[in-house]
Amino acid sequence: MKPNDDLPKVPKPSDDLMQQRIAKRAHQIYEESGRFAQDWKLAEEEIRKEMANAAAGIPEAVPDKAEPAPKTEAEPKPDTAEAAPKTEAEPKPDTAEAAPKTEAAPKPDNTKPASKIEVKAGANSQPQDNLKSLSMPDLEKKLNASANGLTESDAKTRLSQYGANEIVEKKPNEFLKFLSYFWGPIPWMIEVAIILSGAIQHWPDFFIILVLLFSNAGVRFWEEHSAGNAIAALKAKLAIKAKVKRDGKWGSQNARELVPGDVIRLCLGDIVPADARLLEGDPVEVDQSLLTGESLPATRKTGEAVYSGSIMRQGEISALVYATGTHTYFGKTAQLVQEAHTISHFQRAVLKIGNYLIMLALVLVAAIIAVAIYRGDPLLTTLQFALVLTVAAIPVAMPTVLSVTMAVGARLLAKKEAIVTKLSAIEELAGVDILCADKTGTLTQNKLTLGTPFTVNKIAAGQVILEAALASRAEDKDTIDMAVISGLQDAAVLKEYQVIHFQPFDPVHKRTEATVKGKDGEEFKVTKGAPQVIMALSANASQVKAVVEKSVDEFAAQGFRSLGVARCDKAGQWQFQGVLPLSDPPRTDAKTTIANAKQMGVKIKMVTGDQIPIAKEIAQSLDMGTNILDASGFTDKKDKGPEDPKLIASVEKADGFAQVFPEDKFRIITILQKLGHIVGMTGDGVNDAPALKQADCGIAVSTATDAARAAASIVLLAPGLSVIIDAIKESRKIFQRMNSYAMYRIAETLRVLLFMTLAILVFNFYPVTAIMIVMLALLNDGAILSIAYDNVHYSNEPEGWNMRKVIGISTVLGVVGVIAAFGLFYLAERVFHLDRALVQTMMYLKLSVAGHLTIFLTRTRGPFWSIRPARILWLAVLGTQIIATLIAVYGLFMTPLGWGWALFVWGYALAWFLVNDRVKLLAYRFLDPIKSKTSSNKPLKNIVET
């Protein structure tokens with residue numbers, strides 16, 4: 001265990017001895033309890049108490065030498081167990097227990113430079129010193145690195161030495177995972193049926209049921225394994241990138257390729273990819289809440305450590321990586337931040353269906369057993385049949401169908417340039433009825449162009465553009481900076497100036513600032529940002545405020561975004577220079593896409609930080625409506641809470657929101673959700689993360705930061721709104737497939753259970769044998785998986801899980817199926833006078849053929865021919881029915897039926913199929929006559945929560 005490498009940064013105690021002792025005690029607490037967030041606080045309290053006791057002559061309860069730090073060949077050996085390494089940045093305290101300097105510490109004869117430490121290759125080969133408290137010169141020496149970064153060859157060597165910068169997920173043993181599919185209530189029932197079959201020596205039943213058991217386990221294992229691999233491959237496209245300096249040049253690398261000694265660049269919104277020490281630069285704000293539980297961002301200065309997994313909230317700076325992978329603080333606490341596997345509303349609803357069917361099966365089977373016992377039937381035979389009937393009735397394939405359909409849907413969405421990071425988002429996206437969309441980059445092109453500037457005091461327009469360009473940085477590829485720089489007549493003029501210091505934009509200050517040295521050697525400052533912010537800085541604000549505000553309003557009325565520019569004079573006062581108009585025209589496809597969204601029942605509300613006139617101009621050009629709400633007013637209404645009726649009404653009626661801050665987005669979403677809407681939200685910045693998490697379906701746009709992507713459920717790879725609408729269409733198709741499966745499963749279970757139970761209770765006759773039931777279940781489960789690939793039409797209304805409709809339609813189809821089954825039974829026994837064994841074969845074929853035809857009824861709301869089935873579904877059903885027919889005709893494990901009677905059964909089943917289709921249409925007319933916008937998007941939440 002490395003000293004201190006897994007502890008959070010804390011304010012430095014008054015002396016090195018106390019810091020060393022607190023660090024040791026904190027490690028002890030970590031080893032004993034696994035706590036992280038309060039380690040330092042607990043350790044400091046204990047150490048201070050011990051030192052106070054020592055001063056009073058009371059023996060210490062916890063000796064300092066309880067856990068000495070491990071040694072390595074490259075590690076300087078301290079003189080005592082309590083000695084702390086002395087850094088150059090810290091003055092030596094005048095105490096008897098002061099620690100010796102690191103440079104003076106004796107080294108073993110075999111000591112080698114850090115980069116040449118003889119270690120075994122792999123992830124465990126990390127430096128073993130207290131790298132986050134060494135002075136920066138000592139750290140660079142220890143890592144054999146510098147602010148200029150590593151060479152590519154050195155980085156490759158270190159990658160093989162230290163291992164990849166990733167937390168390797170412990171994968172379950174595949175064999176043990178396969179065995180897990182034989183454990184649980186459903187497998188237990190099948191296994192008991194196998195034992196009973198062997199006990200009464202019904203060997204055909206024994207082997208067929210055994211095949212069913214292994215088939216279900218094998219199919220589930222393979223499909224879920226494939227689904228997991230598919231999702232992992234999709235998520236790999238979202239690998240965090242890091243700006244790394246290699247061979248003296250900045251470039252982009254996968255974060256997993258970082259090694260100790262790398263120099264990285266951290267910008268606003270970045271997820272820190274590894275534990276690192278900050279190099280020269282301004283202080284930055286880092287959000288460490290994921291690691292330490294601290295709600296407020298922490299300020300970090302040059303030389304201090306930032307931890308892997310924390311988020312850059314403000315500022316921009318370079319840093320030197322000192323720990324990667326499992327040796328980072330995040331690596332030590334990875335088990336605390338693993339993604340929880342939640343069950344979606346849809347999965348809950350389907351699981352409720354499963355529970356309903358199981359309870360129904362148990363009640364009916366109990367009735368069969370009770371009657372059999374009363375009649376004196378053989379108990380073992382009855383019990384075996386009852387168990388097999390229960391197995392056939394239980395939706396054994398349900399988990400597999402869910403996994404396959406969701407995984408296939410995720411791959412289909414990936415083709416639409418939308419990567420699903422949480423499978424439950426597919427169902428949520430299908431029900432979205434309000435989409436809060438960012439203006440910039442989603443509704444507009446995010447390609448700013450510079451217009452003719454407005455200047456004050458007759459300053460030349462070119463001068464204002466130049467000063468704004470000096471307050472920009474081309475290498476950051478910021479859209480505003482690039483637009484300003486492109487406005488220069490000759491960009492080469494920037495080479496005549498030297499930028500000494502640059503302060504990047506952040507959401508708090510809303511401006512950039514640069515300290516510049518001109519060609520004459522004179523230093524001056526320039527800044528650009530929001531006009532009101534620049535105006536507040538300027539000493540000449542009172543003289544120019546009126547004309548500047550007028551120009552900003554005029555620019556806004558034309559759809560321009562304004563940028564204020566100021567320069568610091570020799571007296572050190574800011575002087576407002578002018579206003580730069582920037583335009584971001586709507587995307588060419590935005591207007592059509594918004595119109596399509598309206599037809600699909602999705603209301604798109606614009607969300608922008610721009611002023612109201614700009615938002616109205618864009619909204620009007622896109623036919624979105626011009627009822628734009630000023631979100632800045634939310635602050636005044638905050639004390640009243642979201643239940644304020646006026647605020648609720650205004651938010652729901654608004655076509656968009658202007659001057660929006662991140663906390664406003666969160667507020668907007670919560671209000672809409674409390675009104676019963678399923679809300680989608682697009683975002684791109686680190687400050688959008690709370691809103692993206694709160695939304696029913698958070699969508700990170702193509703330009704999103706790593707932090708926004710981590711918070712979102714869906715990540716877009718292509719710009720614009722059309723990809724979101726395509727994703728909504730695809731998710732609604734996926735929902736339709738799942739809806740079809742649920743209705744089919746309920747109808748078939750009711751058909752088999754009711755027919756079998758009534759036949760046994762009324763006629764004292766088992767219409768099919770146990771082995772027939774097993775083969776029915778086996779063939780059904782094999783074919784139903786193909787529904788994940790079926791052709792469906794997406795709904796023009798948001799999808800909602802309407803349980804009344806699903807159970808109602810399914811029950812009607814199930815009852816009609818029972819009537820049809822008894823009709824065939826009557827013909828076979830009373831009209832054709834067939835023997836009971838032949839009747840059983842006939843009933844088996846009828847239940848198999850009619851059951852598979854049911855899927856063609858449930859997959860469409862209209863006539864069965866209204867939507868052509870997918871080829872794979874058609875072939876799967878046709879293939880299983882050919883097998884079922886051959887089994888019946890030639891009598892495999894049953895009395896041979898012959899081709900004549902088989903064709904009769906097919907004709908009978910097809911005739912009732914046409915009748916069932918008409919009955920289905922009639923049932924829809926009564927149970928779901930007209931789908932309305934208000935009713936179709938709300939049943940889901942209501943049903944799953946009751």
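Student: Which hand does the crossing of α30 and α31 have?

Tutor: The crossing of α30 and α31 is right-handed, where right-handed means that the near helix is turned clockwise from the far one by less than a right angle, and left-handed anticlockwise. This is a predicted model, in which local features need pLDDT of at least 70, side-chain atom pairs count only at pLDDT 80 or more, and totals for chains, interfaces and linings use all residues. Residues are numbered from 1 along each chain as its sequence is written, and side-chain values use heavy atoms, with hydrogens and water left out.

Student: At what angle do the axes of α30 and α31 cross?

Tutor: Helix α30 (residues 871-890) and helix α31 (residues 899-927) have axes that cross at roughly 140° and come within 9 Å. The two helices are therefore oblique to each other; angles under 35 degrees count as roughly parallel, over 145 as roughly antiparallel, 65 to 115 as roughly perpendicular and the rest as oblique.

Student: Which residues of α30 and α31 meet?

Tutor: From α30, Gln881, Thr885, Leu886, Val889 and Tyr890 meet Trp899, Ala902 and Trp906 of α31. Contact means heavy atoms within 4.5 Å. The residues of this contact divide into six nonpolar, two polar and no charged.

Student: Changing topic: which residues of α19 are buried?

Tutor: In helix α19 (residues 590-599), Ala590, Thr593, Ile594 and Ala597 are buried. Buried means under 20% relative accessible area, exposed over 50%, and partly exposed in between, with a 1.4 Å probe and protein chains only. These four cover an arc of only 100° around the axis, which puts them on the same side of α19. The arc is that of the directions from the helix axis to the C-beta atoms.

Student: What covers the buried residues of α19?

Tutor: The cover includes α14 (439-443), β19 (603-607) and α26 (722-763). Just after α19, Gly601 has a positive phi of about 80°.

Student: And Arg561, where is its place?

Tutor: Arg561 lies in strand β17 (residues 560-568). Arg561 counts as partly exposed because its relative accessibility is 30%.

Student: What does Arg561 touch?

Tutor: Leaving out residues up to four places away in sequence, Arg561 touches Ile480, Leu580, Pro581, Leu582, Asp610 and Ile614. The C-alpha atoms of Arg561 and Leu582 are separated by 4.9 Å, with the two residues 21 apart along the chain.

Student: Last one: how many helices and strands does the protein chain have?

Tutor: The protein chain has 33 helices and 24 strands. Helices (H or I, at least four residues) and strands (E, at least two) are DSSP runs, numbered from the N terminus.

Notes. Axes fitted to C-alpha atoms, helices over the stretch in contact; angles between N-to-C directions. Nonpolar A, V, L, I, M, F, W, Y, C, P; charged D, E, K, R; others polar.
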